[in-house]
Amino acid sequence: SMFPKVNIEQKLIRYRNRQTTADQILEDVKTILDENDHAREQLKSKISQPSILKENDFNLDLLEADKIFHIQDIKKLCVDYRLRFLGAHFFKGSIPEEAISKMRHLEKMHNTSLEGLKIMAPAKLLKLENADDPLLFAPIGNDYYYLIHKWGNDLNPFRKWLMWPYKTFENLVFTIFLVSIFLTAITPMQAFTKGEVTNTEYLLMFLFMFKAVGGTVLFYGF
C-alpha cells in the first residue's frame, strides 16, 4: 500500500526513545519503586513506634469534611461500643497495604509527614493479633482527628446493647442483679429442701446466685 497503516505502539516507542532509552526508563522505574518501598516501610515503622506529636500540618482545604471527627464523638462511640482509642503502636494486628497507600497519598497531597497516629478498635484487638473493625486516624489539632482508613468487618449490630452492662459500674451491678433474680426464679428449690420453701431460703439462693454471677463476670469480663 502506498500509505501503510500506522502502528501506534511503534510510534509511541519512537517518541519515548527520543527523550530517553529503554534502559534508562527501567532504571528510573526501579528507582521510583525502590523509593516507594522505602517510604512504605518507613510508614509501617512509624505506626509501630509511639509518637508524642499531637497534630499534623494538613492543608484544611484538601481534607474531606466527612472524615473529620471531634474527640468527644470518638469517646462517645468508644463508651457505647466498648472500644478503645489509642496510639497506633498498641495495635497488634497487621496494617493493610491499602491503609499504607492512603497514608502515602495524604503525605504527598499535604507535603507533610504523618505523626501521632491513632487506632480505634475493640479492646481485644489492641492486645491480640486480630484485624477486625479498626479505624486509623491522624490528629489535626484542637481535639479533631482525620479518618485515614477503615478495614475489617463491621461491628455486630447488637454490640451496643451487649456492651451496655459494661458502660458504667451501676449498669453492671443492675444487670447482675436481674440475672441473679432470673436464675433464682428458675432454680428448682424443692430439690434442695424437704418441706415448703421459705422466703429466707429464696433470699439465700439469690445471694448465692448474685455472688456466683458477679464473680464470673469479674473473672471473664475484665
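**Salt bridges in a predicted model**

Reader: Happy to dig in! At 13% relative accessibility, does E107 count as buried or exposed?
Author: This is a predicted model, and E107 has a relative accessibility of 13%. The cut-off for buried is under 20% relative accessible area, so E107 counts as buried.

Reader: Thanks! Which residue forms a salt bridge with E107?
Author: The closest N and O atoms of the pair are 3.3 Å apart. The pair links distant parts of the chain, with E107 in helix α4 and its partner in helix α2, 61 residues apart. The partner of E107 is K46.

Reader: Nice. How many residues apart in sequence are the parts that K44 and E97 tie together?
Author: The side chains of K44 and E97 meet in a salt bridge, at 2.7 Å from N to O. K44 lies in helix α2 (residues 22-48) and E97 in helix α4 (residues 97-110), so the pair ties together parts whose separation in sequence is 53 residues.

Reader: And what separates K102 and E98 along helix α4?
Author: K102 forms a salt bridge with E98, with the closest N and O atoms 3.9 Å apart. K102 counts as partly exposed at 31% relative accessibility, and E98 is partly exposed too, at 48%. Because K102 and E98 are four residues apart in helix α4, their separation is about one helical turn.

How values were computed: Residues numbered from 1 in each chain as written. Predicted model: local features only at pLDDT ≥ 70, side-chain atom pairs only at ≥ 80, totals over all residues. Heavy atoms only, no water. Salt bridge = Lys/Arg side-chain N within 4 Å of Asp/Glu carboxyl O. Helix = DSSP H or I, 4+ residues; strand = E, 2+ residues; numbered from the N terminus. Buried < 20%, exposed > 50% of the residue type's maximum accessible area, 1.4 Å probe, protein only.
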